[in-house]
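These are my notes from one pass through a structure.

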Amino acid sequence: MTAAESAAREKVYEVDELTRVEGEGSLVLQVRKGKVVEARLKIFEAPRYFEQLVVERTPDEVIDIVARICGICPVAYQMSAVHAFEDCFGVKVDPEVRALRRLLYCGEWIESHALHIYLLHLPDFLGYESAIALAQDDRPAVERGLRMKKVGNEILAILGGRPIHPVSVRVGGFSRAPRRSELEPLRAPLAQALEDAKETVRLVAGLAAPAFEREPRMVALHHPKEYPYNHGHIQSTDGLDLRPSDWDRAFREVQVEGTMALHARTKDGGTYLLGPASRIVLDAEQLHPVAREALAATGMVDAIRTNIYWSILARAVELIHAIAEAIDLIDSYRPPIEARVAWGPRPGVAAWATEAPRGLLFHRYEVDERGRVAHAQIVPPTSQNQGAIEDDLREFAPSVLDLPDDEATLRLEQLIRSYDPCISCATHFLDVRILRD
Amino acid sequence: MAAMAQKADRGRPGEHGHAARGGTPRPRVGVVKLASCDGCQLTILDLEDHLLELSEHFEIVDFPEASSARSNGPYDVLFVEGSVSTPDHLRRIGELRKQARVLVTIGACATSGGIQALRNWADHDAYRAAVYPTPEYVESLARSTPISEHVSVDFELRGCPISPEQLIELLTALVTGRRPQLRDEAVCMECKRRGIVCVMSAQGIACLGQVTQTGCGAICPRMGRGCYGCFGPREQANAAGLARWFQASGERSAEEVGQLFAGFTAYAEPFRSAITDLGGTRGARRSGGGGFIAAGGTGAGRASYLAGTRRMEGIDDDGR
C-alpha cells in the first residue's frame, strides 16, 4: 500500500460540540486502516472547583452548594450529601422522612427520564434534530413526554419549593414537610402519567436500534425490598457487594494520560456501566409490579443487558416505576412527627452513594470536629461511565465506518446519548488534549 | 434592574427574523452557556405547557442542549447562561455580543459570577491544585465574573435558577415589543403579600430576604428556612447594615455572618463587600494557606479584606 492510500484510509471523526446532552463535550475518534486507534469523549465544561467550594462549609450549606453541580439532577447531589452526613453523625430520621425522600427522588427521576427520552434521545431514533422538530410531525408524542416531565417537576416543587435546586432538604429531615392535602393535586396527573409511561414503553420497545453487542460490567445499588434510590449495597454483575459508604474500596479515580480527565475505574483498572440498564439488570425483582409487568411484556431484558442503545427502554421502564411508586407513596403518606430531628456533628468521614437518574453518585467528605468539611470528593456517574462509553465507541465504530460521515457521526452521537451523559456534572473531569510533536 | 429599564426599547426583535410557516417573521433565538449547571436553560424546557407554543413565536436556531441544529448567529435574542470563567469564555462572549441584537443573561452565574465566584477571594493556583492533580492543564481565569463585566447586557433574569414566570414575562414582552414588568423589591414584600410569618422575627432564623430581590415567590421562608440570596441583592440593599445587625445579635461570629452572604450571588455588590469586610470565604482561607491574596478586586477591597481577616481572627481568639 502506498503512503497516499494509507493516508486515505485514515479518518478522523470529530463531533465538535455534542448536542442534546446536558453540558458541553466533544468526541474524537481516530481510525486507521479500518481500525479504531483512539476513541475519546472530551469534556470541555469550565472547571468550577466544587470540591474546594464546599471546604469549611457546614453540612446544610454543602447540601445547597452541591445541588448546583447539575441543574438536571440536583436532588441526586442533595441525597448523596445528606445521607453521607447523617450516616457519619448517627442521625436517625423519621420513617416518613425516608419515604418523602424517595418521593422527592421519584420526582427527579420522572422529570429527568421524561426529558431524556422525549427531548434528547427519541429524536435520534426517529431522525429528527430536536423534539421541537419532532412535534411538527407527532405533537401528541412530544406532549406526552412534556406531561410526564411536568408532573415530576410538580412533585419536586411541592416537596422542595421549586423543581430545579429545591430548598427543603436538610440534615435530619426537611425544613418543612407537606400536609397530606398538598399532595392531593398530584393524584390525577400521576394517574395520567402512569398511562403515558406505559405507552412510552410500548413506543420505545418498537423502535429500531442499531445492532450492537457488548456485555459490560454493570454496577448499581441493590436493596432487597425496594428499587434503589437512597439505600442498598453497591453490587455488580461480577459479584461485588459493598456498603454505600465504601465505594472507594472497589473503585478509584484515575487520571487519563496526557489529560486533566479523572475517570473512575475498578481497582484492577476495569471499566463499568452505571444507570438505568444496570439497575434493570441488577434490581429487576424490586421493580414496582406494574413496571415489572411492562418490562416482561417487551421480552427485552437481554437486549437491555447487551445493547446500550436499549437504555432508552430501561429508562422508560423506570419511568413507570417512579410514577407507580410516587402514587403509592402519596397514598400511604402521613406527615412525619418530626420533619427534622435535632442532630450534632461528629468528626469523621461522611460517605454515601445514591442512584442519580443516570447512575451511582458517590460523595465523600472529611468532617472536622466543628462539623465543617475539610476535604471533599465527588464522583459523578458520567465520570464513572466515561470508560464504558469509550469502550463502546471503539467496539461500535467499525460497524459504521462504511456509512457516509454524517450518518456515522449521528450513530456515534446516539450511542453517547444512550448514557444520558450529564457533562455539566463534570466536577473535575475536564479533558484537555496536550499535542506534542 | 437599571440596565433593563434603560435599554428596554433597544433592538426590537423580529425585524430581521426569518419567515415562519405562516409568513410572519419569527425572531431568531439562541440559548448558549458558559460556566454553569444548565439549570437555567432547563427552565426553558420546563415551560412544558408553553414550550411548543414558544417555538411558534420564536425560531430557535441554536440551543445545543435541546437540538442538533446549530447556528453561529446572528440572533435577534440570545440567552446566555453561565459566568465568564475561562480564557475561551472571554473570547466567546465578545463574539456572541456582536452576533446578538438583544442579549439576555439568565441566572446567578451569568448575572453575578455564580457559586464558582467564591474562588475570587482565593489564591487561584492553590484552588486548582487542591482539585486537580496536574493543575497546569486547567484553563481557567482567576476570577469567575458576570457577563456584564465584559459586554453590555440588555436584560437580566436573576435567580439560581431563574423564575419561569419571569422568563415568560420577558418572552411575552419581547414578542409584543413592550417593556418587561420585573419587580425590583425585597423577598420580604413577597412574604407579606403571601402572608408568610417572618422566619427571622418568629424563629430567629437568619434570612437575607430584606436585601435580596424577589422573583422566587419567597420559597425559602415558605419552606421554613431563611432566604439564601440566590436572586442576588435588590437595588440599594443595605447588606453591611444587615451584617452588623447579625453580628450585634450576638449569636454569630463575623466569619459566620460572612458565610451567609457567600452563596450563589456572592460576587454581586454589595454582598461582595460585605463578605470581604467580614473576612472572605472559608474555602478561600483554607486553600490560600497563610497568604490570603484576594485575586483581582480593587486595592481598597483587598486592604479591607485583609483588615477583615485580622478582625475576624481577633474575635476568634477572644471567643476562646
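**Entry 1: a glycine in chain B**

I started at B:Gly232, which sits in the loop between α10 (219-222) and α11 (239-248) of chain B. I note here that the model is predicted.

Is B:Gly232 buried or exposed? I found a relative accessible area of 2% for B:Gly232, so the residue is buried, the limit being under 20%.

Next I asked what B:Gly232 is in contact with once its neighbours within four places in sequence are left aside. I listed B:Arg158, B:Val211, B:Thr212, B:Gln213, B:Thr265 and B:Phe271. For B:Thr265 I also looked up the spacing: the C-alpha atoms of B:Gly232 and B:Thr265 are 5.2 Å apart, while the two residues are 33 residues apart in sequence.

**Entry 2: salt bridges within the chains**

I looked up the total and got 53 salt bridges over all chains. I then went through some of them.

I took A:Asp64 and A:Arg170 to begin with; their closest N and O atoms are 2.9 Å apart. This pair links distant parts of the chain, since A:Asp64 belongs to helix α3 of chain A and A:Arg170 to strand β4 (residues 169-170), 106 residues apart. I checked accessibility for both partners. A:Asp64 has 7% relative accessibility and counts as buried, and A:Arg170, at 6%, counts as buried too.

The salt bridge between A:Glu355 and A:Arg279 has its closest N and O atoms 2.8 Å apart. Which parts of chain A does this pair tie together? I placed A:Glu355 in strand β11 (residues 348-356) and A:Arg279 in helix α11 (residues 276-283), so the pair ties together parts that are 76 residues apart in sequence. Both A:Glu355 and A:Arg279 are buried.

I then looked at A:Arg364 and A:Glu366, a salt bridge with 3.0 Å between the closest N and O atoms.

In chain B I noted a network of salt bridges that links B:Arg183, B:Glu185, B:Glu190, B:Arg193 and B:Arg194.

**Entry 3: chain A against chain B**

How many residues of each chain are in contact with the other chain? I recorded 75 residues of chain A in contact with 67 residues of chain B. The two chains bury about 5,900 Å² between them, and 58% of that area is on carbon and sulfur atoms.

Which elements of chain A supply at least two residues each to the side that touches chain B? I wrote down α2 (50-53), α3 (59-67), α5 (95-126), α6 (131-137) and α7 (139-160). The largest share of that side, 10 residues, comes from α7(A). By residue class, I found that the side of chain A that touches chain B divides into 30 nonpolar, 19 polar and 26 charged residues.

Conventions
Residues are numbered from 1 along each chain as its sequence is written. Chains are lettered from A and ligands numbered from 1 in the order in which they are written. This is a predicted model: local features need pLDDT of at least 70, side-chain atom pairs count only at pLDDT 80 or more; totals for chains, interfaces and linings use all residues. Side-chain values use heavy atoms; hydrogens and water are left out. Contact means heavy atoms within 4.5 Å. Buried area is the accessible area (1.4 Å probe) that two parts lose on being put together, summed over both. Helices (H or I, at least four residues) and strands (E, at least two) are DSSP runs, numbered from the N terminus. Ala, Val, Leu, Ile, Met, Phe, Trp, Tyr, Cys and Pro count as nonpolar, Asp, Glu, Lys and Arg as charged, and the others, Gly among them, as polar. Buried means under 20% relative accessible area, exposed over 50%, partly exposed in between (1.4 Å probe, protein chains only). A salt bridge is a side-chain nitrogen of Lys or Arg within 4 Å of a carboxyl oxygen of Asp or Glu.
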